[in-house]
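Thanks for coming. I will go through one model today, element by element, and keep to what can be computed from its coordinates.

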Amino acid sequence: MKAMKEETTEIKQIHDDKDLICSLCKRCDDNPEKYGEKITLQQHNLTVHYFCLLMSSGICQRGEEDEDVHGFLVDDIKKEIRRSSRLRCMKCKKVGASVGCSIKSCRQMVHMPCGLEQDFIFQFTDLFPSFCKKHAPSQTCVSSPSLPLSCSVCLEPIEPILSYNVLKCPACHGSWFHRNCVQHYAHSAAMFFFKCTLCNNKDQFQQEMLRMGIYIPERDAAWELEENAYEDLLQVYQHCDAVKCHSHKGRKYSSQSGYFEIVRCKLCGSRGTHRKCSNLKLYESDWICGDCKAAVEGKKSVPLPNHVESPLAIRQQRKRLFKNISDLHSSLISKRQCVAATSPEVLMDLAHQISQQQSTEVLVEDDDGVLEAALWVLRQSDFNPCCTLSVKFSQDKHSNNIRSQRRFLRRLVSKLQMSEIFEGPDGSKNLALNSKALRDDLYFEVGSLLALSLVHGGPPVGFFSPALYHSLFNYPTNYRPTLQDLGDTAFAHKIRQIAEAKSMKELRMAMQSASQYLEAAGCWRKIRELSEKDMLVEDVLNFYLIIRLQLPLQRFREGLRTLGLFEQVQMCTEAFHSVFCGPVERLTAESVMELFTVRFSEEKEQQEKENTTVDFWKKYLHECEEGRCAASLEDLLTFITATDSAPSIGFHPTPSISFFSSPDPSCAFPQSHCDASHLFLPMLPSYELFKKHLDYTVCQFSVMQDI
């Protein structure tokens, strides 16, 4: 009776655990595939879904993995529950919404399960960002899929239109999935076996699925963890399938040898017979069942399904070997607190992916051939953006990799600004619609090169218009395109006439003059009042700068994803605005001085001479800024660091100055070590001699660079 009571209590306890409500999402569902493990801490009267914790916006993992809930401390969890109790979910309208869109300007808040129902994308990597339907990442289709298509997991028909519920492989573009199917597949196969079912690509496929919100467990496959999962494979077929079985012990009996040993079909192994039942000799072990024999002899066709999907030709994409940027093995280990980061900090973090042991050779004829050389390298099938760029200019006899690389990246950004995919004034470029560039996928390539340049230590981009930056990153959120974004073109002139019309007559004449543009934009309509011109101009600008450029913008964004740049910019849009949008700040004497650290010697007598030289240096910088020196500040910085502006990533190591003395001051000229961004200044008796020697050295260097 007592045992029976204990059993009843145990069953009731299990039932109660299943009914426990998650303290964050207020649901009792226990679905590890959708919501993660449901964890209960009875001593704290606390139950949570693991995914609800991971995606909560106001909590970070401060403990060790074995502390409390996988490193999330109980006190922190309770604080998050209190914080979310004041926030209302946009879906169910109830309080407790702990998950917010990671775009800072977006105010969408949801419970984690409600977010799934609202097409939120939760990325189980890095800082575990969440994105609402408006800001969620998307996929692109580079070629028209062959029809009909089926889901590569469930094999049910699938409509080849990319959406929240329909995903595709980024490597072969031939494997399409229902979101629920690929999530179920990922949960089963886990990190070590999760790959494209068609092309078997693993790294690129997993990276893309993580980006699109698919959770990939860090464990072995489910079938590897199941106890005795392969027990059936140890069983051999033991059944006589002859029309008449002569064994008195039944069809499943098999002796060790002799006439009543079961022999299996040598082709399929799934049919058997006793030797006696099929008139086989004692020494005969080769036997073919009736089905296999008929198929081999062609007397009987093997039944086929009504429709057999022919595998799509696997199209090799030029960028298919771009490596997995984030470390998958550490992506689910911790969720650290996100603080506002500066653009150099973000770029430096991305630069940790670059391997110093592996390099990609870039051969450049001259400065005019920089873009061609960059595109040639990018289009190689084995190109890896994580390798160091080893640049060599054919005319440069004294090659220095740091100097050559910075020169290459400086020229590259300048050439990209003049690329055919951009239009508009210098320093404020928009994307141009170019069908040939679309066909050649030049938008993707230029975006990729800009990402490579920034992460590898190139200069700020500095030529995006505010409209282009807004179209790419939705910052500022309230930005509206203006006539200034159109630049000085014939089209801009005609639209400006509409905007400046002061009477209905002037407006109709301006509209008639721009009728072709208005019809192409779908904006040709009757205007009854002069005030309607503002809405007309806004519609035209939206069409010209945003709507008609959706495909170029999409491919350009994909290019900017190289090395993970786009996602990081999206998280810090304000910090990166000055990196992408002009104008780039000009160098001043003060800004150059701030770049350098002065290394003084320990001897006091020597320090006095060094302080005098520092005064000479500051005076020289001010005269450069005022144009009273033969060299400019840009020439001077190029001599020292091999670049005429501070890289977006910053200088590493920090530029520095040290001093040297010479027995013959007339032969003491400044020297630079660009690998370390270090300047050696001579200690000279007068400023005039200091200026003369510095002017001569920098100008000579500039002349040599131009040859």
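Start with a helix pair: helix α17 passes helix α18 in a left-handed crossing. Left-handed here means that the near helix is turned anticlockwise from the far one by less than a right angle; clockwise would be right-handed. Before going on, the ground rules. This is a predicted model, in which local features need pLDDT of at least 70 and side-chain atom pairs count only at pLDDT 80 or more, while totals for chains, interfaces and linings use all residues. Residues are numbered from 1 along each chain as its sequence is written, and side-chain values use heavy atoms, with hydrogens and water left out. Helices (H or I, at least four residues) and strands (E, at least two) are DSSP runs, numbered from the N terminus.

Back to the pair. α17 covers residues 490-499 and α18 covers residues 504-513; they pack at an angle of about 160°, with their axes 8 Å apart. Axes are lines fitted to C-alpha atoms, for helices over the stretch in contact, and angles run from 0 to 180 degrees between N-to-C directions. α17 and α18 are therefore roughly antiparallel to each other. The cut-offs are under 35 degrees for roughly parallel, over 145 for roughly antiparallel, 65 to 115 for roughly perpendicular, and oblique for the rest. Which residues meet? Lys494, Gln497 and Ile498 from α17 meet Leu507, Ala510, Met511 and Ser513 from α18. Contact means heavy atoms within 4.5 Å.

The bond joining Tyr475 and Pro476 is a cis peptide, with omega about -10°. A cis bond also runs from His652 to Pro653, with omega near 5°, and Pro653 lies in the loop between α26 and β16. For context, most peptide bonds are trans, and most residues other than glycine have a negative phi.

That brings us to the sheet. Four strands form an open sheet in the order β15-β16-β18-β17, and the pairing is mixed. β15 (597-598) and β17 stand at the edges with a single partner strand each, so one side of each has no neighbour in the sheet. Helix α26 (residues 633-641) packs on the sheet and touches β17 and β18; its direction makes about 60° with that of β17.

Strands count as paired if DSSP finds at least two bridges between them. Strand β16 (residues 656-660) pairs with β18 in the parallel sense over five bridges, and Phe659 stands opposite Leu681 in β18. On the β17 side, residues 671-673 pair with β18 in the antiparallel sense over three bridges. There, Gln671 has Phe680 as its bridge partner, and Ser672 stands opposite Leu679. β17 and β18 form a hairpin with four residues between them, and Ser677 in the turn has a positive phi of about 50°.

Is β18 buried or exposed? Four of the five residues of β18 (residues 678-682) are buried, so the strand is largely enclosed by the rest of the structure. Buried means under 20% relative accessible area, exposed over 50%, and partly exposed in between, with a 1.4 Å probe and protein chains only.

In α15 (residues 442-455), 14 of the 14 residues are buried, so it is largely enclosed. Its 14 residues should span 20 Å at 1.5 Å a residue, and its end C-alpha atoms are 20 Å apart, which agrees. The expected span is 1.5 Å times one less than the number of residues. Just after α15, Gly457 takes a positive phi of about 100°. Helix α13 (residues 401-417) has 17 residues and reaches 24 Å from first C-alpha to last, close to the 24 Å expected. In α13, 12 of the 17 residues are buried, so this helix too is largely enclosed; among them are Arg403, Phe408 and Leu412.

Finally, three loop residues. Ser98, between α4 (74-84) and β3 (99-100), counts as buried at 2% relative accessibility. Lys26 has a positive phi of about 65° although it is not a glycine, and at 47% relative accessibility it counts as partly exposed. His70 also has a positive phi, near 50°, and is partly exposed at 28%.

For the whole protein, there are 27 helices and 18 strands, and buried residues make up 47% of the 707 residues.
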